[in-house]
Each structure stands twice: as C-alpha cells, then as structure tokens.
Amino acid sequence: MNKLWGMIAIALYGTQASVALAAVEQATDAKVPAPEGEAFIAPAPEPGEIPHCFAAVRPAPWQAPDLPFGVIEIVADDVELIGQASAQFDGDVDISSSTMTLNARSALIDKQQGLLNAQGPLTYRDGVAIITSRGLNASLDDSNIKLLAADYQLTEQQGRGGAEQLEVSQEALTLSNASFTTCPVDDETWSINADKIILSQQKGWGETHGATLKIYNTPVLYLPYFTFPINDQRKTGFLAPRLSSSNRYGVETITPYYINLAPNYDLTLTPRYMSKKGLQLQSEFRYLTETSQGMLGLEYLDSDKTERELGNRYIYHWQQQSYFNDQWRAGVDITNVSDDNYLTDLGSNYASKTDTHLARSGILTHLGERWRTDIQIQDYEVLGDHLESYTALPRIGFSQTQAYQLGWFDASINGEISHFRNSTRIIDEATRLHIEPKLSFSEDRYAWSFLSEFSLLHTYYDQQGDLADTDFEETVHRTLPKVRLYSQLNFERDTSLFVDNGIQTLEPQIQYLYTPNKDQNNIGLFDTTKLQDDFFGLFRDRRFSGVDRIAAANQITLGATTRVFDGKNEEVFNLSAGQIFYLSDSAKPTAQDFADDTSYDSLFASEAMWHWHRRWYLSGGIQYDIDGSQMIQSHLTLDYKGDDNELMQLNHRYANDVSGNTIEQVGMFTSVPIDDNWQFVASYHRDLDAGRSIEVYTGVQYESCCWAVQVTGHRQIETDLNQSINQEQAVFDSGIGIKFVLKGLGGKSSYDAQEILKEGIFGYRRPYFLTK
C-alpha cells in the first residue's frame, strides 16, 4: 500500500461498488539471498517428509491478486461517499492489492488523513501470514497496519499464535502481549508467551521481549530477551543441545552455539562438558570465497581428569578446495591429534574411531591441454604402536591426459620425482625419480574390446642413512619392462531367469601380464603397500601401490561377469568370478623375495548381488586360496529397505589374518516405525571367534509436528590402539543419550533412522553398489 492515493475510479454495479486506487509512486527492495547455511526452523518439507504434519499447521499458499503494483481494488455490498475525501463500505467487503487481501464486515477510507479502518470479524492475508482480527487500522502513507485481538499463522513456514495487537509493516510483524508456537491447534506441546514478539521475514529471525517458555501450558523458563530464526536464513544462536551419560564420560552435555559472522563465513562454538573428563571446547570455522571453500576445526580439552599424564588433548582439522581457473586448482587436507587414542577415547567429527592413520597433505594441480602436473606435500600420522610413515616433501607427478598418436598406437609417458624423510627409519632421507613411458593399442567394439600395452618402468633412488650391514644401497637404478594384454567379450540374450522378459549379459575377460623378477630388497619402502585382493583387483597390472616394489608377473587371469536386467533396464542380479594362473614359479607371490604371510599362489575371488525384490538386496563376496584350501576373506549382507525409514540389515564378515588375528563377526541393523511418530532403531555386533558381543546400540525417537526427542543407549568395546587387537580382558563402555528439540527454536536436525544408526562404532552402511 505504498502511497496508494492518486486516483479513485468508482464503478457501480447494482448494489456493489468497485474502487481502484492507483499509486503515484512505486518502490522495490530487492536483496540477494544469503547462501545456504545453518537452519534453525523447519521450512516447508521436502516430498515424503511428514507433509501431513506440516499441512496441519500451515494454510494453503497465498496467491497474490493479479493487480498492478500500487493499485487497490475494493468490492463491497454497499458504498457511501462522504464528501470528496472519504468512502464508507459495508457488507461483505473485500480489499485486494498485489501484496495483500482483506475481508471485513465494514471499512472506512479517509483520503485526507490517509487512513483505512476496517471492522471485524476480518481476515487479512499476505505472503507472510494469515491473520484474523476484530479490527484493523492502516496508514496508507507508510503502509503500516495494526490489527486488534489478532490470531496469526505464518504461511511460509510453521508458526502461529495470538496477540493483543499485531502491527504489520514492510519490515516485520510486531506482536504485543503475544504467543508463538509451531504446534497445531489441537496439540500445543509448547509455546512462547511474551510482552512483545517481532517477526522479521526480511531478516529471517524473530525477537522476543519478556518471554516465558511453556510446556503443556506450564511455565518452565523465563527469558528476558532472545532471538530465533523463522526461515532457513542463518542466525546467531544456540543449536539443539544433547544430553547423555556413559561409563567413559559420565554425564555429558553438548551445547552448540552458531555465530553468523557474514554471508560467506561462520563459526560454531560447542562446549562439551563431561563430568568424568572435563570441559572440552569444539570450534568449527567455515568460509567461502570466489576461488575457495574450506573449513577449520579445533577441539581442545585442557586436562583429562582420567588421564592427566597426557596433558592437553586436541585435534585440529583444515580442509580446503580452491579453483583458481580452468587450469589451476589446489587442495589442503590436514588432521592432527595430540595422542594416538584421542579418536577412540573422545571421538570426533573429523575422523573415525576406526582410523589407524590421519592424512596431512597439500596439492597444487595444473591441467594443461595434454599434461597434468601435481605438486604435493604429503604426510601421515600413524596412530598406535607402529612405525611412522615417510613424509613426501615434495612429490611432483606428471601424466599425459592426451596421448600422442603414432599410427595405430598411443604413446604416453607418466612419472614423478619425490623426496622422502623419516628420522626414525634406517633410511632417513631418499629421493626417487620414476619414469614410465607406455605404448598401447586398443580397439573397442560393441561385442568385444582389446587392449595391449608395453611399458618401461625406470626408477632411480638416492637413499641416505646408516646403511651399513643392511641390504639397502645408496644408489639404485631399476629398469623393468611390463607387458599387458587384455580382452573382453560381450554377449547378450533374452532370459526369464529371476525376471520375466529380461536380458542377461555375459562378459568373459582374459588378461596376460608379464614383468620379470628382480631383487628389490636394496630399496626402502617409502609409500608402498599391498593392494586389496578381490575380484576387482585380479585384473590390475600391479600388486602394490607406489613403485617401491614391482611384483614379478607371468600370469593369465580368467574371469567373467554375468548380469540380469529386468524390463525397466534395472540390474537385478550380477555374479563375477575370476582366478589368476601363474605360468612360472618365480612369478608366484610366495616365491618373491618381498612376499609376506598374506600372499597366495592360487587366489579365487568372486562378488555377487541379487536384487530379487525392489526392497530386498543380497550381496556378498569371497576370496579363497585354492592351493591351501582355505577361506581368506568373505562378506555377506542382506538388506531390506521399506517405506518410512523401515530398514533391516544382516551381515557377516570373515578374515583369516588381520594383524595376526582371525576376525569373524556377525552384525544386525534394524529400524522399525512403530507409528507415524515413533521409531525404533537397534544394532548388534558379535565376535564369533572370541565368543562375545562387541557392540550393542539401540534407540527410540518420537517426532511430532513441533518437537522431537531421541533416546539412545549403547554398550561397545573400548579400543586402545597401543594394545593388541585381541585383548583377553575387554573393557566395555555403556551409556545413554538424549536429544530434545523444539522445532522452530532449536537446530534443524535430521531424524533419519539411518543417520541414528551411523552413530555406532561400526555404523550402518549399505553395500556401495546398492543405490535403489
């Protein structure tokens, strides 16, 4: 209603009158919305997110009348002109503009004083709220509207209440002697009653003065002043707190406080009080620039009451990705802890309790038309009683992104130069230069493909340290050829196996790999470790990461994959199986001079998945030593995923050698919706080899339209990285946790059952290829 007067046109139609008021002046106020950040109040739900609950407290979206900006239309049963400056409307009065609608019993417009008075019962609607009231006074000059004895309901998010007086302006809704809640009328679990409430849709927050929080109409907390958000814009304030109790921590409270510093950076400070350990401060700073986005995290405990000998305990984490232009990009990923057992003892969002090492790296990458260059500094902090890893200062790698064409052949060259340091090893410093030229020929057809590669692996080492009485040499030159021939066939046929009118594919593969045997014990191990033995590794052209060890090979690998697709082209079944056959004894893993106890000369590997129903999945895999007639590793997972967070998983895993121990475990995850509001989750893991449970985790949650609560309990084995994995006297930690949220006042939390189950040590995960 910006300066609405300027022209009045009245057209009488029987007993009705229509008045159009054209504005002389218009104004706009466009603002760039802030980037997505922390959200405090639940906005309009996504599809499938309790829409019935939100619909109970939110009216239908408001549709603005199709009127020019600044024009008012008034339709009434009767109209009486009072001189040249006023008009009285009676009966069913409808007042509309491009920004609001008003229905009242009567209305009086006084042009001379610039006032609009309406008598109720009346209903006022705009893009922010719907308001019922007994009377309205509006200033046509400054667009301020006052409503008496008003009941309001927000239209863009959950929120309703009442007020003795409600004032509407372009900036905010101001309520006097008012109430606010996000609960429906018939289930008002909580509400705020205040002397004054200011709701600013433009700023995205609410402000209260002299407020009392009531739970089931019972006062529980008085707050002289506080603010809360009313949409998904960022706002400084407290997030949802957590309360728990356990043997390890005692009574634990976590109270995050979010600070909105600017649209492109913010800070969260989280005091974490543990009665048995002390007060820990957690902080997280996030930032976004034109070229970079990143996060800095720090957790600090001044003195652990249970382990004072450790002194200060902390973890810091820095992660950043930068994109300077199409050619240059950079990344940083650094995590460091004060002691090896920090993660297993205190936990952190920046690493898992099961991590055995922490990465610290920085990389600068250049992408050219034909070449890619990576300049990297890399280090790992090894947790537990293990040898420290080497630091790469720096590693410069180069590779071709587009090969040179030499007739039918592609020619390329890859390589790196690296410098390693480690003062705790025999070789305390080393420089490595590796160059790998390659000549390849490939042919890809619909029914088949063929690849042949010839590579020359040349590596030079300069190793420094106390090398006397060792096999290590100061200078090493190693040159090895490598030949790889690979081919695959693709067959397809109609099938009724598992499905009607399906398609089955068969993809046999064969590979020949040759690399001569060479004594490499004169070379240190700087960044090289054995790769995983599974079906997907059978067709690799190497057994080790890095180039400090290049395994001899004179072998043929045979394998095949069959898949079944239904009429919608969705994969419902696959089975892959393969084995390596060695053509010479010297190429067998156990015959090589750097073999270890986990090498097998006749490895059979297989992976399978069966999706026989849209909700059921069965997946598994095995690695079997045919010569030794023993299982090496196996895993089996049965998954069910229903509607409304209904899920179930049963799993089994076996490994015959993990740090010298046999591991055989069974696990179970389940989530069962009890009704529309209640959800039950549980997980259980048992060590069959030791004959004991290793983790029990259970929880129940209640979620309504305006509040939610989670109660969880756990009993899990405590891990000490400085002791053997097979502790005879296992120590268990037991505890309970409570999380309570008043929607509209606390943090925007995820109530997904899968997220709750992930909080355990093992954590719920679906097999990576199950995406439906």
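## The disulfide

Cys183 and Cys706 are joined in a disulfide, with their sulfur atoms 1.9 Å apart; the term denotes a pair of cysteine sulfur atoms within 2.5 Å. The model is predicted: local features need pLDDT of at least 70 and side-chain atom pairs count only at pLDDT 80 or more, while totals for chains, interfaces and linings use all residues. Residues are numbered from 1 along each chain as its sequence is written, and side-chain values use heavy atoms, with hydrogens and water left out.

The count by this rule is one disulfide. The torsion about the S-S bond of Cys183 and Cys706 is about 90°, so this disulfide is right-handed. Cys183 lies in the loop between strand S11 (173-180) and strand S12 (190-200), and Cys706 in the loop between strand S42 (692-703) and strand S43 (707-717), so the pair ties together parts 523 residues apart in sequence. Both Cys183 and Cys706 are buried, that is, under 20% relative accessible area with a 1.4 Å probe, protein chains only.

## Overall composition

The protein contains three helices and 44 strands, taken as DSSP runs numbered from the N terminus (helices: H or I, at least four residues; strands: E, at least two). Of its 772 residues, 45% are buried.

## Nonpolar cores

A nonpolar core is a set of buried Ala, Val, Leu, Ile, Met, Phe, Trp, Tyr and Cys residues joined through side-chain atoms within 4.5 Å. The largest has 48 residues, and Leu136, Leu147 and Leu166 have the most contacts inside it. A second, separate core of 13 residues includes Met274, Ala351, Leu358 and Leu383.

Terms used: Buried < 20%, exposed > 50% of the residue type's maximum accessible area, 1.4 Å probe, protein only.
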